[in-house]
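Please look over the sequence and the structure shown below. The paragraphs that follow lead through the model step by step.

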Amino acid sequence: MAYKIALATSDGTGVDTTFGACGVFSVYDVSDDGSFSFAEQRTVPSDVDSGTEQSSGGCSGGGSGCGGGHGGCGAGAEVSEKVLALADCRAVVAAKIGFGAVKQLEKKAIASFDVECGVTEALEKITGYFFKLDNHISLAKK
């Protein structure tokens with residue numbers, strides 16, 4: 001089953017941007033055999049640009065962090081717009097994804113992965129995971 005994966009990367013080489021701060025995702029097409037290729041740079045609404053991400057609270061901050069009330073990287077209409085912009089993707093990969101954003105992605109059946117690694121490494125691991133999942137292969141290491 002062919003699908004798309006969106007990665008939050010500032011330079012195209014590493015997953016180094018949080019979901020809330022990312023305004024442009026690199027989208028990759030994944031073919032039935034698990035191979036992947038770059039498809040597009042997709043511009044989405046940015047929480048930072050709209051002023052909804054809190055500079056002092058952030059994802060690890062106090063009561064107004066991820067999904068907790070107003071602002072943060074998991075709350076507000078901006079995340080919903082961002083999730084809708086990525087609705088055709090099977091997975092989203094970012095350095096950090098707030099709880100509220102994860103829940104919104106789950107509602108759209110989009111898997112989310114919090115990782116900080118190279119783009120190629122992330123794509124290889126996630127496509128390998130989905131290949132095993134789709135082909136009913138055990139995920140346990142042998």
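**A guided view of the model**

T17 counts as buried because its relative accessible area is 15%, where buried means under 20% relative accessible area, exposed over 50%, and partly exposed in between (1.4 Å probe, protein chains only). The model is a predicted one, in which local features need pLDDT of at least 70 and side-chain atom pairs count only at pLDDT 80 or more, while totals for chains, interfaces and linings use all residues. Residues are numbered from 1 along each chain as its sequence is written, and side-chain values use heavy atoms, with hydrogens and water left out.

T17 is found in the loop between strand 1 (3-7) and strand 2; helices (H or I, at least four residues) and strands (E, at least two) are DSSP runs, numbered from the N terminus. Its side chain forms a polar contact of 3.1 Å with the side chain of D16. A polar contact is a pair of N or O atoms within 3.5 Å; within protein, one must be able to donate a hydrogen and the other to accept it, and residues adjacent in sequence count only if both atoms are side-chain atoms. Beyond its neighbours within four places in sequence, T17 touches A8, T9, S10, C22, A94, A95 and K96, contact being defined as heavy atoms within 4.5 Å.

Strand 2 contains S26, which is buried because its relative accessibility is 3%. The side chains of S26 and Q41 are joined by a polar contact of 2.6 Å. With neighbours within four places in sequence set aside, the contacts of S26 are I5, A6, L7, T9, F38, E40 and Q41.

The chain as a whole has four helices and five strands, and from the N terminus on its elements follow the order β-β-β-α-α-β-α-β-α. Of its 142 residues, 42% are buried.

The largest nonpolar core comprises 17 residues; such a core is a set of buried Ala, Val, Leu, Ile, Met, Phe, Trp, Tyr and Cys residues joined through side-chain atoms within 4.5 Å. The residues with the most contacts inside this core are A6, F19, F25, L86, V92, I97 and L105. Strand 2 (24-30), strand 4 (91-94) and helix 3 (99-107) each supply at least two of its residues, and helix 3 gives the most, with three. Another core, of 14 residues, lies apart from it and includes Y28, V93, C117 and F130.

Finally, L139 is placed in the segment after helix 4 (119-134). L139 counts as partly exposed because its relative accessibility is 46%.
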